[in-house]
Amino acid sequence: MKEPLVPVIPMSHTAHIRSHRKPRRSATSSIAVRAGVAGGVLSMAAAGASASASAAEPVTQTIELPTLTADLSAQVAQSADATQQAAANYELRAERDAAAAKAAAEAKKDLAAAKKAEAKKKAAEAARKAAAERATRSAERATLSASASTSTSVSAPASGSVATVIAFLKAQVGDAYVMGATGPNAWDCSSLVQAAYKQVGVDLPRVSQDQSMAGTDVPLSSVQVGDILYWGGKGSAYHVGVYIGNGQYLDAANPSKGVVIQDLSGYPASGAVRVL
């Protein structure tokens with residue numbers, strides 16, 4: 001007996017695999033979801049509006065920009081005023097300093113003028129005194145004391161030339177001593193001796209070393225008026241003068257004394273020569 005035939009229904013080759021397609025939501029579920037989304041959006045909007053309001057509130061309460069700007073402007077203005085005042089003070093100080101410097105320069109100029117005038121006055125006074133001294137010396141040249149041309153220990157030569165030499169020398173008493181000077185108001189020792197003997201036509205060497213070599217040697221015990229005295233070695237003498245009698249000699253001594261008459265006993269000579 002034949003078995004009954006079972007109908008075979010063809011199946012898809014994927015029928016055994018579960019479908020991955022999500023089950024379709026019902027209309028009610030979709031509406032609920034949409035309502036929830038809309039509510040969330042509205043809630044977010046409300047929250048954003050609230051946050052905006054909250055954020056704007058502190059700005060409204062704390063904004064002070066106009067006040068700060070006004071203060072800054074005031075500070076800038078004060079700084080500008082202070083700078084301008086400092087510049088004005090500096091300019092004023094500069095003007096005062098310039099005026100003080102000008103006044104000091106004028107005072108210095110006035111002082112220099114006063115000193116110059118005083119110097120001229122002193123120079124005029126010195127010139128007057130010098131003229132008076134020259135007049136006195138001229139008078140002395142005209143008259144020579146007899147005691148000046150004679151000595152108690154030795155006799156003077158009869159020549160009038162000696163008197164002329166002595167007169168010239170005495171007329172220079174009080175003149176200054178200046179090394180290298182040759183008159184008429186300042187001398188050194190050898191220039192005075194040379195000038196004195198030149199009055200009577202005797203030409204002597206310029207320096208004391210050579211003058212100690214001139215003429216004839218004379219012992220100091222036999223010196224006469226008009227003899228040349230020297231100090232130091234013959235030919236190397238460092239000082240000269242002229243014997244004027246009475247144990248005295250006349251010389252241009254040194255810068256502190258000038259031309260003077262001195263006692264031979266206080267400064268004995270080394271030797272003597274006679275040229276007249």
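**View 1. The crossing of helices α3 and α4 is right-handed.** In this predicted model, a crossing counts as right-handed if the near helix is turned clockwise from the far one by less than a right angle, and as left-handed if anticlockwise. Helix α3 spans residues 160-171 and helix α4 residues 189-198; they pack at an angle of about 135°, with their axes 8 Å apart. That angle makes α3 oblique to α4 (under 35 degrees is roughly parallel, over 145 roughly antiparallel, 65 to 115 roughly perpendicular, and the rest oblique).

**View 2. Residues of α3 and α4 form the contact between the helices.** From α3 come V165, F168 and L169, and from α4 come L192, A195, A196 and Y197; contact means heavy atoms within 4.5 Å. Seven of the contact residues are nonpolar, with no polar and no charged ones.

**View 3. Helix α4 is largely enclosed by the rest of the structure, because eight of its 10 residues are buried.** These are C189, S190, S191, L192, V193, A195, A196 and Y197. Buried means under 20% relative accessible area, with a 1.4 Å probe and protein chains only.

**View 4. The pLDDT is below 50 over residues 27-33 and over residues 140-158.** pLDDT is the predictor's confidence in each residue, from 0 to 100. The mean for the protein is 76, and 63% of its residues reach 70 or more. Beyond near neighbours in sequence, residues 27-33 have two contacts in the model, whereas residues 140-158 have 33.

Residues are numbered from 1 along each chain as its sequence is written, and side-chain values use heavy atoms, leaving out hydrogens and water. Local features need pLDDT of at least 70 and side-chain atom pairs count only at pLDDT 80 or more, while totals for chains, interfaces and linings use all residues.

How values were computed:
Axes are lines fitted to C-alpha atoms, for helices over the stretch in contact, and angles run from 0 to 180 degrees between N-to-C directions. Helices (H or I, at least four residues) and strands (E, at least two) are DSSP runs, numbered from the N terminus. Ala, Val, Leu, Ile, Met, Phe, Trp, Tyr, Cys and Pro count as nonpolar, Asp, Glu, Lys and Arg as charged, and the others, Gly among them, as polar. Buried means under 20% relative accessible area, exposed over 50%, partly exposed in between (1.4 Å probe, protein chains only).
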